[in-house]
Structure formats: C-alpha cells, structure tokens
Amino acid sequence: MTHQPVLSIQNLSVAYMARRGMVKAVRDVSFDVFPSETVAVIGESGCGKTTLALALVRLLSRSAKITSGKVIFRGGDHSAPVDVLRLNQRQLRAFRWRNCAMVFQSALNALNPVLKISAQVQETARAHGEHDAKRVEERALWLFQQVRLDPRRVYNAYPHELSGGMRQRVLLALGLLLDPQVVILDEPTTALDVLTQRTIIEVLKRLREEMGFALIFISHDLSMAAELAHRIVTMYAGSVVEIGQVNEVFYRPKHPYTLGLMRAVPNLSGGRAELVSIPGSPPDLIDLPKGCAFAPRCSYAQAICHEQAPPLEMRAPGHASACHFWDRLPVLRELPSSQEVG
Amino acid sequence: MVETSLSNAPPSILAVLRTRIERLFKSYLFRSLLQALFTIWLVLSVTFVLIRLMPGSPVDILVDRLVSEQGLTREEALSQAAAMFSVNFNAPIHEQYFQYLGNLLRGDLGVSISSTNTPVIEIIARFLPWTLFSVGLGLLISFVLGLLLGMLMAYWRNSFFDIAISTVASFLSSIPNYLLPIILIYLIGVQWKLLPVARMRGTYDPKLTPSLTPEFIASVLLYAILPVLTYVLSQVGHWALSMKNSTLSVLGEEYVNAAHARGLPQRRILIAYVGRNASLPLFTQLALSVGSVVGGAIIIELFFMYQGIGIRLFEAIGARDYPLMQGIFLMITVSTVLANLLADLLYSQLDPRVRLGTNK
C-alpha cells in the first residue's frame, strides 16, 4: 500500500489508578487506520474499547494515565506527522474536532441543555477559527439535511426539544462540521431503536463516501460492525486479540474469543445455529492471569495457554491473531456450529 | 348588535385576537405574574380575616386598651380603632373587605399607634428601602462569592484550597446568626478598632443630608458594611457548599466532556457549560431564601442599630402597634413574592427547559 495511515496507534497502554492498584484497561494496543477506512473495535463491556477511544483524543479522566505508546496522526500530504500524546494544550484543542471528532456514547447528554443547537454549532466553529457565521450556518443546515433532519427546525431548537435519535444525528452532523480526517464513534446506536439505527448506518455509509473521513467505530453490535467496517479489531481484557479484514474475521475467525462473540448473537442467515454464551467473566484487570488472558474461559486452551501469552502475529494475509491454536478454529462459512465452545 | 357586528367582521381578526389571547395565557411571564398576584391577594385576604373576624383580634385588644387606658367609651374606642386601621366596623363584612382592599390599592395601610398618627405607609416607605438595600446587597455578594468559591472548590477538589474553604464554610454556616454580629462588633470595633462602631448608628452619617453626592454615598456604604458583612458571612458558606456539589455533578456530565472533545476554549466551557448549568438549582434556592433573610433582618438591624424595617417591626411588636405590624408583614410578603417572581423569570431565562408552553 502506497498511502500512509492517517492514524497510527503504537503500543498504547492506559491504566487507571485505583485503590487496589493499577487497572490496566488498555494493554499494548497497536493498529493503523487508513484514510477513508472504517475500523470497528469490538469486544464485551469493560474490555477497554471506550478507554482506547478516549485516549486517542486525550479525554481520559484524571485517574487514568497513558503509561506508554504513541498515537501518530498524519493530517495530509503537506503536514508532518504528529504524536497526539505529545501535543500541548493549545495544539490539542486545535486537533480535537478539526482533525479528529469524537461522537459520544450517550448522545442524549452530549449537548449543553441550556444552549440552542445553533449556538453550539457556532461556538464549535468559532473555537476553530471559523468566524463567518453565515457560512457555518449554511454548512450546518446542509449537514442536518444529510443526516435526514429538518434543518431549520433543528438548528433553532434546544436539545430537549429533540428526540434521542435526532440528538444523535445532530451530534454526528456536528462532528462533520469541520470536515475532520478521523471520526470516532463510541457505541453510536446503543440507545436507539432499530429503525433509527438503520437510518444512522445508511447516513454513515453515504457520508463517508462523500467526505472521505476515516471512521473508528466502537461497538458491541457485531451485525452493525459487519455492515459498516472494512476491518475488525477484537479487544479482550485491554489488548487486541485479533485484527483483520471484515470477511476474514467473521468467516474464518482465528481467535476463540471472536468466535465466541459471534456464537453469542443470533444470526439471521446462519440457519439454526445454537446460541452459546462465553462462560465465565473477563479477568481482573489489576491482577491479570499468567499466560493468555482468555485461557480460563477458552475451550481450546491447553497447558501452554496458562503459561505463555501468545503474541499477536500474522496468521493469514492481513489477518493477525493472538492464539496458540488459531489453526484449530472452524471455518464458519463452510462449517455451521457443530462444535461446542462452552 | 354586538354579535352581528362581530360575525360580520373578517374572521381573520377574530382568529388573530384569539391566538394572541391564547399565546398570552400560555406565556411564562403571564402565568408567573398571575401566580404572584394570586399569592398576594391570598395573603391580604388571610390578614383581613385574621385581624377582623377572629375573637381576640388586634382590633378587640386595641379597643380594650383604649377603654382601659384612656377612659374612652366603647363607642369612641371603636371609632378610633377604626380610624387607625382605616376601616368602618359598622359596615357589612363584605363592604369592609372591599374597602380594605381599596385602601390597600391606594396605599392606605392605616395609622401607626405608637408614633402618633403617622400613616403606616410613610414609616414603611422611610425604612423598608434600607432593609432591602442591605439585605439585597448582602444576598447578592454572598451569592456571587459563593458561586465562585464553590466552582473553584469543585475544580480543585481535594486541594488545600478546597479543604480550607470547606472547613471555613461549614463553620460559618453553623454559627447562630445572633452570635455573628457580636463577634464582628468585638473584633472590628473593639479589638482592631477598624470602624467607629459606637457612632455608627442609623443608615448614614446624621450630619449629612440625603443627596447623590459621593460623600453621602460613601457614608451609606460605610454604615451598611457591618450588616452586609454579617449577611455575607452567614450565607456565603451555604452557597459555596451548594455550588461545589452542583458543580461536581455537572463536571461528570457528558456534555462537558463533549465540549472538551469539540475543542472549545477552557473559558467558554467554564462559563457557558459548567457555571451556567451548575448554578441553575441555586437560583431556586435564592428565591426561597429571600423571604427568610428579610425576616431575619430584625436581629442584625437591632445589633447594629441599623434603621431598617426590622427594627420598626421589633418596636411595633413591643408596643402592640397592630396597624404597623400588619403593614410591615404585608410589605414583607409582597417583597418576598416579588423577589420570587423575579427569580422565576430569571430562571426561565437561564434554563430553556422551564419555558414550557411558550410558542416557538
């Protein structure tokens, strides 16, 4: 590939300082995001997805500390790559939203209740040096139309006058206001009904074609990830356990955790496959088990898994997995579930 | 006739008129105003009933006193009492009621018993402004100061600043309000001799005549320092601690995080996001506290001999000057209701979610 990644996450580790010790919420995570590419980060609650996203724009709470790593951002052909983690406050403020917009999990509360949408649009633009209010308004109205909102009504409304789905779309439009190179969506549809989810997926697909931003998409909704993403990153206990092209990962998973995630959700086209949940619960992130973190819950685990942590290595072209027995996993497309995971 | 002319008129005018009226009734301002007027009317009516209808009412007591002390006949005493309350006791009760309301509307609150034949409204007009000035200033300073301190405490939570101010604030709010003036007089007047406390009686230097000269204004401010300081010290702790709690909960809100993510300047987030949202619940408390603070003016004005309405009320109670008491209570009620109305309207400007019913 000739083009370079727009965002390159290198050996990123984040820990929360708790009374009992350091909660290692993100452990040595590395992956690249290329321009116009959509990467879905999947995993169960508490696996470090949101912490990872917050670390990328340095919005972690005070108790969190980035213990190692780099986040290299390449803005364009002319600008030199920068390490987001080394930006000063002024540069960071400029980086946020203009280069990298983050749409939050709870859109219901992500807008200031006492300011009109118009005021929040304008102040965002002003904060990044756009002082032509008329032009900003036109752009906002156009974006509202793109996300299928009634532009005039929404622009002049207060947040409480809009429904949850509308606020989510307002936030999405607001995120695209400054034409950022990277957009991070943290569980963008969790609180929404299925039809509104559909609308948002459609809107996202169309807008990323038109505007060409890279999308980092954090979700536990596998069907949505499958539909939107080009590549899948599976996280478990704070680290990446599998990464690859979407079809590769979903049809030929090379990590038992990804396989377990897929067997735990109903599949409309997958026939009468049995739903199997993953036994046990995620490990204590303060005191991680020796060896593979997933081993205690894994049906493929052998003695070596409890002794030695498997490295994240390429197992097929563009498809990496951190499992000693990756080649024992079934190929899902040809082999519907016949083997018990539990 | 009227009906035909109305139906002949273009329907659009009628429709416009109707929507205008509907909009008026739906508007927040109108409803708040109506509510305030209703409250005032209710208080006036209850006062009327209490004074005139209940056995052993102030009128009966006044009549008894006039008979026994001045040797008047019952008839004479009754007519004199009637003059003092400015009401005619021989009229039917509903006429008395409307006469009473009419008198109030004209500002006739009767005549003071203790300070011979001065109209109550004159006494109130002379002393109430000083109380409103000192209490209002004290409340304003303590509120603004408390908001600032509370916000800083929340931002620098668990710092030395937070712990120190928290301790002082809870200490100050737990001092009984009659002790604070004594401590202030002792420290400022006796120990440090910062102010000539003994000479500072009244609301301004008696040698000056009221005017808008800088000299007079300086004197007014000087004489108000101690009462205002007392209000501020007794209130600021409460405001600071409330604001700290409120700010802490707002700081955890997603929209503050999102504002940082949007790259807004720190100042903008501090004022329009954290400050504005965190102070909202405090404005409700402010409206509620206005009434109790005006009532609490008595003790502070007595200690500093600050010639406000509180001292007059104290004297009126001592002298059983019922018309004056009634007048002062009515004024306190009205100012509390008006302060509430003001706070209500202010709140509706600050929080759009309250402005329900206003047409877009």
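Q: Which residue of strand 9 of chain A stands opposite A:V39?
A: This is a predicted model in which local features need pLDDT of at least 70 and side-chain atom pairs count only at pLDDT 80 or more, while totals for chains, interfaces and linings use all residues. Residues are numbered from 1 along each chain as its sequence is written, and chains are lettered from A and ligands numbered from 1 in the order in which they are written. Strand 3 (residues 38-42) and strand 9 of chain A run parallel and are joined by 4 bridges, where helices (H or I, at least four residues) and strands (E, at least two) are DSSP runs numbered from the N terminus. Within strand 9 of chain A, the residue opposite A:V39 is A:R231.

Q: How many residues of strand 9 of chain A are buried?
A: A residue is buried if 20 or more other C-beta atoms lie within 10 Å of its own, exposed if 12 or fewer and partly exposed in between, with C-beta atoms placed from the backbone. A:R231, A:V233 and A:M235 point one way from strand 9 of chain A while A:I232, A:T234 and A:Y236 point the other way, and all are buried. Strand 9 (residues 231-236) of chain A is therefore largely enclosed by the rest of the structure, its buried residues numbering 6 of the 6.

Q: Which residue takes a positive phi in the hairpin of strand 9 of chain A and strand 10 of chain A?
A: Strand 9 and strand 10 (residues 239-245) of chain A pair in the antiparallel sense over 6 bridges, a pair being two strands between which DSSP finds at least two bridges. Along this pairing, A:M235 stands opposite A:V240 in strand 10 of chain A. The hairpin has 2 residues between the strands, and the residue with a positive phi near 50° is A:A237.

Q: Which strands of chain A stand at the edges, each with a single partner strand?
A: Chain A holds an open sheet of 4 strands in the order 2-1-4-5, with antiparallel pairing. Strand 4 (residues 64-73) and strand 5 of chain A pair over 2 bridges, and A:I72 stands opposite A:D83 in strand 5 of chain A. One side of each edge strand is left without a neighbour in the sheet because each has a single partner strand, and these are strand 2 (22-33) and strand 5 (82-83) of chain A.

Q: How many residues does the largest nonpolar core have?
A: A nonpolar core is a set of buried Ala, Val, Leu, Ile, Met, Phe, Trp, Tyr and Cys residues joined through C-beta atoms within 7 Å. Those with the most contacts inside the largest one include A:V41, A:I216 and A:F217, and helix 7 (residues 120-155) of chain B gives the most to this core, with 14 residues. Leaving aside neighbours within four places in sequence, A:V41 is in contact with, among others, A:L52, A:I216, A:F217 and A:V233, contact meaning that the C-beta atoms of two residues, placed from the backbone, lie within 7 Å. The number of residues in the largest nonpolar core is 169.

Q: Which element gives the largest share of the side of chain A that touches chain B?
A: The contact takes 23 residues from chain A and 20 residues from chain B. Two elements of chain A give two or more residues to its side, helix 2 (89-98) and helix 3 (117-127). The buried residues of helix 2 of chain A are A:F95, A:R96, A:W97 and A:R98, and what covers them includes strand 6 (100-103) and helix 3 of chain A together with helix 11 (254-261) of chain B. The largest share, 5 residues, comes from helix 2 of chain A.

Q: How far apart do the C-alpha centres of domain 1 of chain A and domain 2 of chain A lie?
A: The assignment for chain A gives domain 1 (7-229) and domain 2 (235-328), such bounds coming from an automatic or database domain assignment. Across the boundary, 23 residues of domain 1 of chain A are in contact with 16 residues of domain 2 of chain A, and strand 2 of chain A supplies the largest share of the domain 1 side, 9 residues. The distance between the two C-alpha centres is 27 Å.

Q: Is B:G308 buried or exposed?
A: B:G308 has its place in the loop between helix 13 (297-304) and helix 14 (309-318) of chain B. B:G308 and B:F133 are 175 residues apart in sequence but 9.4 Å apart in space, C-alpha to C-alpha, and residues that B:G308 touches include B:W130 and B:S134. Because B:G308 has 26 C-beta neighbours inside 10 Å, it counts as buried.
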